[in-house]
Amino acid sequence: MASVAGPIGKALEIEAVSEGRDHTSRWRASSRMSLRQGTEWLVRRVEGLFGDRPFEAGGQVAHARLSLDTHWREDADPARRRSWGAGPSRQDAAESCVPPETNGSTIAASRFSPTASMSATLLDLFRRRFACHRFQAGRELPAADLEFILEAGRLSPSSFGLEHWKFVVLRDADRLRAMQAASFGQAQVGGASALIVILAKLAELAPDADYAQRLLAREYPGEQFAPALENYRAFFANTDVVAWSISQCHIAAANMMTAATAAGVDSCAIGGFLPGEVKRILEVREGAYEVALVLALGYCDEAAPSKQRLPLAELVDYR
Ligand SMILES: Cc1cc2nc3c(=O)[nH]c(=O)nc-3n(C[C@H](O)[C@H](O)[C@H](O)COP(=O)(O)O)c2cc1C
């Protein structure tokens with residue numbers, strides 16, 4: 001049994017115990033603010049910790065079991081009321097611990113900060129994602145993980161809020177083989193557990209299209225709609241619509257690849273394909289969509305390469 005314990009300030013104490021695969025952390029909060037921060041942090045943390053679907057999408061803990069017990073004890077003196085909450089793991093407790101240099105008198109945001117923990121998790125995901133060029137054969141992608149990845153795409157930002165993407169999921173072996181042939185024979189396309197073909201909307205974006213007007217009315221309700229539509233008309237007339245729509249889809253693609261990593265799923269963005277061939281396979285009506293990108297998903301059969309990126313100093317110009 002391993003355990004860490006100790007007061008980390010006047011308002012919060014954490015005790016964490018690991019026994020085999022069971023991890024328990026117990027917080028003792030004596031201020032409402034620390035209790036609230038802790039609880040909110042825990043709710044957000046569960047998704048990142050287990051690569052889960054969001055709660056509002058009916059998510060379930062997929063890779064572990066989480067239990068949460070809350071105990072309240074009302075001290076005789078109301079000024080000394082305390083509560084206890086059991087968190088999911090020792091790692092959580094460790095991440096909530098106070099950096100030694102901070103002043104221990106209060107639980108400031110830096111001591112018990114959901115943001116700091118989430119930032120570290122997010123950066124870790126970015127570092128871990130890599131373009132997989134060979135997937136394990138015959139390994140299925142759980143439907144819950146696929147939905148989680150698609151949900152990350154759905155929640156992506158888009159110009160004018162027009163949600164330029166349509167996601168076509170392919171899993172059938174014959175279709176994957178056809179897609180591989182349309183992608184210059186790239187093995188990771190045919191060998192993926194699933195492909196998400198991201199189609200960029202075209203016809204629906206026209207200012208007079210029902211779709212564009214419905215979404216613009218949602219983004220610019222009431223009196224804002226008429227001037228927003230005029231503004232959109234002017235923008236549309238002066239824009240390379242295909243390139244603009246595809247670029248929105250690439251934002252969704254990036255989010256989906258990060259989400260895939262969070263769910264333990266490997267990916268490869270595929271831009272090397274013959275768009276005409278892909279549209280033929282998917283029976284896309286001419287002018288309705290352009291093919292933005294294909295995401296190959298599965299479980300990689302090769303070691304992750306070391307990350308090669310230019311240093312920020314070479315990329316960033318502060319002015
Ligand atoms: C828009 C786009 C298109 C890409 N197309 C392909 C492709 O067709 N085939 C491929 O093997 N990799 C493709 N990649 C993956 C890149 O080669 C890869 O992301 C890059 O080399 C950096 O490596 P990393 O992702 O492992 O960090 C594509 C990536 C992006 C963003």
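Colleague: Which residues have the most contacts inside the largest nonpolar core?
Modeller: In this predicted model, the largest nonpolar core has 43 residues. At least two of its residues are supplied by each of α4 (143–154), β6, β7, α9 (241–262), β8 and β9. The residues with the most contacts inside this core are Leu195, Ile198, Met256, Val294 and Leu295.

Colleague: Which element gives the largest share of this core, and which residues does Met256 touch?
Modeller: The largest share of the core, nine residues, comes from α9. Leaving aside residues up to four places away in sequence, the residues that Met256 touches are Ile149, Ala152, Gly153, Ile196 and Leu295.

Colleague: What is the order of the strands in the open sheet of four strands?
Modeller: Strand β7 (residues 194–201) is joined to β9 by eight bridges and runs antiparallel to it, while β8 and β9 pair over five bridges, again in the antiparallel sense. The pairing in the sheet is antiparallel, and the order is β6-β7-β9-β8. From one strand to the next, the twist averages 25°.

Colleague: Which helix packs on the sheet, and what angle does its direction make with that of β6?
Modeller: The helix is α5 (residues 173–181), and it touches β6, β7 and β9. The angle between its direction and that of β6 is about 120°.

Colleague: Why is strand β9 (residues 289–298) described as largely enclosed by the rest of the structure?
Modeller: A residue is counted as buried if 20 or more other C-beta atoms lie within 10 Å of its own. Strand β9 is largely enclosed because, of its ten residues, the number that are buried is ten.

Colleague: Which residues of β9 are the bridge partners of Asp266, Ala269 and Ala200?
Modeller: The partner of Asp266 in β9 is Gly298, and that of Ala269 is Leu295. For Ala200, the bridge partner in β9 is Glu290.

Colleague: Which strand gives the most to the shell around the ligand?
Modeller: The ligand is surrounded by Phe130, Ala131, His133, Gln186, Cys268, Ala269, Ile270, Gly271, Gly272, Leu293 and Lys307. By class, this shell has six nonpolar, four polar and one charged residues. The strand that gives the most, with three residues, is β8 (residues 266–270).

Colleague: Is Phe184 buried or exposed?
Modeller: Phe184 lies in the loop between α5 and α6 (187–190), and its phi is near 55°, a positive value in a residue other than glycine. With 11 C-beta neighbours inside 10 Å, Phe184 counts as exposed.

Colleague: Where is Phe160 found, and what is its phi?
Modeller: Phe160 is found in the loop between α4 and β6, and is partly exposed, with 19 other C-beta atoms within 10 Å. Although Phe160 is not a glycine, its phi is positive, at about 60°.

Colleague: What distance separates the C-alpha atoms of Arg128 and Pro305?
Modeller: Arg128 has its place in helix α3 (residues 114–128), and counts as partly exposed, with 14 C-beta neighbours inside 10 Å. Arg128 and Pro305 are 177 residues apart along the chain, and the separation of their C-alpha atoms is 9.6 Å.

Definitions and conventions: Residues numbered from 1 in each chain as written. Predicted model: local features only at pLDDT ≥ 70, side-chain atom pairs only at ≥ 80, totals over all residues. Near = placed C-beta within 6 Å. Nonpolar A, V, L, I, M, F, W, Y, C, P; charged D, E, K, R; others polar. Buried ≥ 20, exposed ≤ 12 C-beta atoms within 10 Å, placed from the backbone. Pairing = 2+ DSSP bridges. Axes fitted to C-alpha atoms, helices over the stretch in contact; angles between N-to-C directions. Contact = placed C-beta atoms within 7 Å. Core = buried A, V, L, I, M, F, W, Y, C linked by C-beta atoms within 7 Å.
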